Amino acid sequence: MSEPLLSVRDLSVAFEGERGRLQAVDGVSFDLAPGEVLALVGESGSGKSVTALTLMGLLAARDARIAGSARYGDGELIGASEGELRKLRGEQLAMVFQDPLSSLNPVVRVADQVAEQILAHRDVSRQQARERAIALLSRVGIPEPEQRADAYPHELSGGMRQRVMIAMALSCEPRILIADEPTTALDVTVQAQILALIRALRAETGAGVLLITHDFGVVAELADRVAVMHAGRIVEHGPVEDVFERPESAHTRRLLAAVPRLDGPLREPRVGDEAPVLALEDVEVGFPVGRRLLRRGGERRRAVDGVTLSIAPGETVGLVGESGSGKSTLARAAVRLLEPTAGSVTFAGRDITRARRRELVPLRAELQIVFQDPYGSLNPRKTARDIVGLPLRLSGLPKAEVGPRVEELLERVGLEPAHADRWPHELSGGQRQRVGIARALALSPRLVVLDEPVSALDVSVQAQILELLDDLQRDLGLAYLFISHDLRVVRQVSDRVAVMRGGRLVELAPAADLYARPQHPYTAELLAAVPVARPVRGRAGTRS
């Protein structure tokens with residue numbers, strides 16, 4: 001057995017706050033060998049990301065109390081100076097963060113951000129660094145990398161922003177790559193590319209990978225060993241095949257039982273003869289290309305190109321496709337956060353295609369959206385209680401009734417009473433997503449657009465949220481447009497499934513038919529790329 005690249009012993013992290021001491025990480029120990037992938041899995045809030053940030057010296061909280069040891073080579077990471085860590089970060093130790101939008105500089109073009117790290121650690125010219133950056137953008141699957149290189153983060157989809165983060169992390173071929181949910185926002189085909197990139201990195205450089213994820217399919221595809229965390233502790237640790245096939249911990253068994261499957265049961269169709277609650281007819285959405293953002297005319301890129309789709313009361317339509325295929329743009333046009341450049345949008349029998357903002361106000365209670373990025377969609381200056389309570393107050397609900405209703409909503413999405421008074425930055429990614437779902441459900445809407453609503457959640461909480469959404473749909477007759485890159489989840493929740501590619505709808509069929517007999521080659525390609533939560537040595541081709 002070779003000497004470990006990273007040796008962590010009795011790592012503990014506690015936070016002192018007004019509500020007392022919170023033990024986020026409690027006596028965690030593990031080794032990471034050269035060329036090994038160690039998966040760290042567990043529920044949201046179990047301490048996975050806090051462990052990673054502590055190892056990188058990036059834990060920003062001043063009230064954190066850190067103990068234990070993390071040795072890299074001959075040096076100690078815990079307690080190292082910022083100067084010592086800065087020399088290591090990027091070149092020796094690199095990290096892919098869970099939330100790419102808040103991790104990227106919003107006022108710097110993406111290629112410049114990748115090039116900046118290359119310039120910090122390599123003796124190259126700016127032109128050489130830019131060329132390397134563009135090559136990396138291409139390598140992680142960003143289409144038209146020369147053009148996208150000059151885009152700002154907000155101009156890219158969530159999946160493409162994640163790919164920029166991965167390109168940055170791989171730019172100097174680090175010895176240790178800490179990947180915190182690296183494929184959460186990615187569709188299955190790009191996910192397969194990224195997993196192949198990580199495999200290539202460790203094969204070419206002998207890098208060790210600490211993979212933090214809630215996706216057991218990704219663990220089965222890539223990991224050699226898996227450590228399961230719960231309440232800050234590692235409750236099970238072993239080779240991935242042993243943990244998957246013979247889990248010893250009850251917590252591990254519960255997590256594995258919650259994993260959605262491509263061969264799982266389909267739900268009973270709920271579509272009746274009622275008129276659709278939402279109808280899109282030949283919808284197009286275009287955006288200016290290049291620097292003509294404030295000028296009329298000029299070339300426009302069609303993000304959505306002639307989509308026709310309807311959703312009946314009580315129906316769930318799943319919408320899948322690659323990052324950048326137009327899914328989120330279509331969703332925003334459907335709820336009139338964007339105005340279509342052509343076609344029509346009809347909601348509850350009323351044409352709202354060109355409705356003005358004042359005309360849309362009374363419809364907002366009935367037409368809600370849960371956004372893909374929970375951090376960017378929550379007000380950082382408001383607590384969870386205020387965020388969920390705002391639509392209730394604006395609707396005129398008596399003040400005395402707002403508090404109990406907020407508590408009820410937070411409880412229904414799996415949050416504790418203590419979470420109500422926390423700020424977004426004090427919540428984990430999964431907890432922030434649950435706040436966003438509670439806010440969308442506050443006014444009992446007729447249609448909810450769910451843009452990757454469970455992608456940031458661990459499998460057990462994901463199962464709870466999906467069950468919650470199902471219960472609400474049964475009780476209230478809600479209609480859902482469910483956008484996701486996880487075809488396993490889409491199969492579980494959808495009556496019909498629509499597949500988008502390049503802004504167009506290439507296939508629309510009942511879920512049972514589409515999964516059993518896909519008609520379009522692209523649909524078949526997506527289904528073939530879905531990672532299976534069943535470790536098979538020959539499939540991944542990574543373990544010897």
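**Close-up 1. A buried pair, Glu 36 and Arg 225.** Glu 36 and Arg 225 are both buried in this predicted model. Between the two side chains there is a salt bridge, in which the closest N and O atoms are 2.4 Å apart. This pair links distant parts of the chain, with Glu 36 placed in the loop between strand 2 and strand 3 (37-42) and Arg 225 placed in strand 9 (residues 225-230), 189 residues apart.

**Close-up 2. A pair between two strands, Arg 9 and Asp 31.** In this view the side chains of Arg 9 and Asp 31 form a salt bridge, with a distance of 3.0 Å from N to O. Because Arg 9 belongs to strand 1 (residues 6-17) and Asp 31 to strand 2 (residues 20-32), the pair ties together parts that are 22 residues apart in sequence. Arg 9 is partly exposed, its relative accessible area being 36%, and Asp 31 is likewise partly exposed, at 26% relative accessibility.

Close-up 3. The salt bridge shown here joins the side chains of Arg 86 and Glu 82, at 3.7 Å from N to O. Both residues lie in helix 2 (residues 82-88), where they are four residues apart, or about one turn of the helix. Arg 86 is exposed, with a relative accessible area of 52%, whereas Glu 82 is partly exposed, with a value of 37%.

Close-up 4. For the model as a whole, the count comes to 30 salt bridges.

Terms used. Residues are numbered from 1 along each chain as its sequence is written. This is a predicted model: local features need pLDDT of at least 70, side-chain atom pairs count only at pLDDT 80 or more; totals for chains, interfaces and linings use all residues. Side-chain values use heavy atoms; hydrogens and water are left out. A salt bridge is a side-chain nitrogen of Lys or Arg within 4 Å of a carboxyl oxygen of Asp or Glu. Buried means under 20% relative accessible area, exposed over 50%, partly exposed in between (1.4 Å probe, protein chains only).
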